[in-house]
Amino acid sequence: MIRIRSIARVAALGGLCLLATVARAEVPANGKAYMDAAYASVESLFKIYDGKPSLPRLSDPVDGKVLADIWNAPAILGKPPYGADDLPTLLDFVKKQTSILQAYALFSPQPGRKAPDQAANAVEFQDELTRTRVFLLQAAGGVLSAINDFAVRLKDQDKTDERARGLREMRLGLQEIVVGSALALRSPELRDANRQLIAKAFADNAAGIASSLAPPDRNALVSALQAVRPSLKPEAQKAISDFAATVTAAPCEVFCLVN
């Protein structure tokens, strides 16, 4: 199930963080412009499908190229580390990708008359949902590490209860994105290729994901992924083991210590 309100608050609460940022930004200089253009193209594509019994598919030779742009993480996100100055941009990326995730997960061929069948959508649109989850895992890991950097740089007079509460709420929303990807791995109908993509995304972004999560949340996430590990192919199993090793060894500092 997709918890829309909880995930959406990640971006909505971003305004609480946009003060006193000093760190060097690592998102590519044209990353936001690339995302904005790609997102506008995807929005236009979705309008063409309005009222139709399906949605744009990655497998389509034309539509697939439009969709591929929105998931071009190297061009949009670059590579970590991310700092506090990246927070506004990363949160915007999360917001846009979450809207795409919701479009596929909550699709109904008869909106307003027939409730979305999320279980069926998870199977039918698994290629598109997987690409969105992979991007979101990198973006969520980036936001979490940027939150930690933001917390390091906060002056004492800026450490207000309101800001701390906002950061905790943001962290909770990001955790739900991460947990959603972990739950997706449990589906027996998820193809091995998609399982591998998600597992690799966890391994590649382990340090960022762990950076701001409190130890109990880290342990719960590792346990959830380890539980699904036996059902994965060897390469995906290794990725989950690598994720668990990185998260377990990651130091708990600054915002990680805030419950």
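Start at the N terminus and follow the elements of the protein to the end: they run α-α-α-α-α-α-α-α-α-α-α-α. That makes twelve helices and zero strands, where helices (H or I, at least four residues) and strands (E, at least two) are DSSP runs numbered from the N terminus. What you have open is a predicted model, in which local features need pLDDT of at least 70, side-chain atom pairs count only at pLDDT 80 or more, and totals for chains, interfaces and linings use all residues. Residues are numbered from 1 along each chain as its sequence is written, and side-chain values use heavy atoms, with hydrogens and water left out.

Now zoom out to the whole chain. Its C-alpha atoms fill a box of roughly 55 × 40 × 35 Å along the principal axes. Of the 259 residues, 49% count as buried; here buried means under 20% relative accessible area, exposed over 50%, and partly exposed in between (1.4 Å probe, protein chains only).

Next, select Asn30, in the loop between α1 (4-12) and α2 (31-48). Asn30 counts as partly exposed because its relative accessibility is 48%.

Time for the charged side chains. Side chains of opposite charge can pair when their charged atoms come close. A salt bridge is a side-chain nitrogen of Lys or Arg within 4 Å of a carboxyl oxygen of Asp or Glu, and by this rule the count comes to eleven.

Go to helix α5 (residues 87-105) and pick Lys96 and Asp92, which lie four residues apart, about one turn of the helix. Their closest N and O atoms are 2.9 Å apart, in a salt bridge. Are these two buried or exposed? Lys96 counts as buried at 14% relative accessibility, and Asp92 counts as buried at 18%.

Then move to Lys159 and Asp156, whose side chains meet in a salt bridge at 3.5 Å, N to O. Asp156 counts as exposed, at 64% relative accessibility.

Another stop is the salt bridge of Asp192 with Lys233, at 3.9 Å between the closest N and O atoms. Asp192 sits in helix α9 (residues 192-204) and Lys233 in the loop between α11 (215-228) and α12 (234-249), so the pair ties together parts that are 41 residues apart in sequence. Asp192 is partly exposed at 39% relative accessible area, and Lys233 is partly exposed at 49%.

To finish, select Lys32, Asp36, Asp92 and Lys96 together: salt bridges that share partners join them into one network.
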